[in-house]
Amino acid sequence: MMILRTSAAAALLVLAACASGGEMYPINAPARDASDVPPEFVSPSAAPVEGCRNPMTDPRDGTHVRLVRSQGGTVGDYQVPAGRYGVGADELLRLECGTGRVVGVVPVRG
């Protein structure tokens, strides 16, 4: 039961982020460099998906990052475990949806 509530809360967070387009960090705006990232994150699912996959995994150690918002299936902003990849408390890790390559670190609010 707790897993369903957590999943529902996460889904609402994603929907709220997607619906509030004014708070999105622009796709072409500069992102600051992330640190100690893999060449690309991978999807644990082999199933073909259009847009951004969720979650994505660091193939080096299995760390999962969770999609918070995406823009047109081009880039996705992911929540990371505290202290990872140089991402601060009010920041997200931006990945290219099609490749899983890191774009950089962006603010939660645009």
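Read along the sequence, the protein follows the pattern α-β-β-β-β-β. That comes to one helix and five strands, taken as DSSP runs numbered from the N terminus, with at least four residues (H or I) for a helix and at least two (E) for a strand.

This is a predicted model, in which local features need pLDDT of at least 70, side-chain atom pairs count only at pLDDT 80 or more, and totals for chains, interfaces and linings use all residues. Residues are numbered from 1 along each chain as its sequence is written, and side-chain values use heavy atoms, with hydrogens and water left out.

**Confidence**

The average pLDDT, the predictor's confidence in each residue from 0 to 100, is 83 for the protein. At least 70 is reached by 77% of the residues. Over residues 1-22 the pLDDT is below 50. That stretch has seven contacts in the model beyond near neighbours in sequence; a contact means heavy atoms within 4.5 Å. Where pLDDT is low, the predicted coordinates should not be read in detail.

**Burial and the core**

The protein has 110 residues, and 29% of them count as buried. Buried means under 20% relative accessible area, exposed means over 50%, and partly exposed lies in between (1.4 Å probe, protein chains only).

| Residue | Relative accessibility | Class |
|---|---|---|
| Thr 57 | 11% | buried |
| Gly 76 | 0% | buried |
| Val 103 | 36% | partly exposed |

The largest nonpolar core has 13 residues. Such a core is a set of buried Ala, Val, Leu, Ile, Met, Phe, Trp, Tyr and Cys residues joined through side-chain atoms within 4.5 Å. Phe 41, Val 65, Tyr 78, Tyr 85, Leu 93 and Leu 95 touch the most other members. Strand S2 (64-71) and strand S4 (91-96) each supply at least two residues of this core. Leu 93 has contacts that include Phe 41, Tyr 78, Tyr 85 and Val 102.

**The aromatic pair**

The structure holds one aromatic pair. Rings of Phe, Tyr and Trp (its six-membered ring) pair if their centres lie within 6.5 Å; planes under 30 degrees apart count as stacked, over 60 as edge-to-face and the rest as tilted. Phe 41 and Tyr 85 are edge-to-face, at 5.4 Å centre to centre and 80° between the planes. The pair links distant parts of the chain, 44 residues apart. Phe 41 is in the loop between helix H1 (2-19) and S1, while Tyr 85 is in the loop between strand S3 (75-79) and S4. Both are buried. Arg 84 lies over the face of Tyr 85, at 4.7 Å from the ring centre. For this, CZ of Arg or NZ of Lys must be within 6 Å of the ring centre and within 35 degrees of the ring normal.

Thr 57 sits in strand S1 (residues 56-57). Its side chain makes a polar contact of 3.0 Å with that of His 64. A polar contact is a pair of N or O atoms within 3.5 Å; within protein, one must be able to donate a hydrogen and the other to accept it, and residues adjacent in sequence count only if both atoms are side-chain atoms. Thr 57 also touches Phe 41.

Gly 76 lies in strand S3. Its contacts include Cys 52, Leu 67, Leu 93 and Cys 97. Gly 76 and Val 102 are 26 residues apart along the chain, with C-alpha atoms separated by 9.8 Å.

Val 103 belongs to strand S5 (residues 102-107). Among its contacts are Ala 31, Val 75 and Leu 95.

How values were computed. Lists of a residue's contacts leave out its neighbours within four places in sequence.
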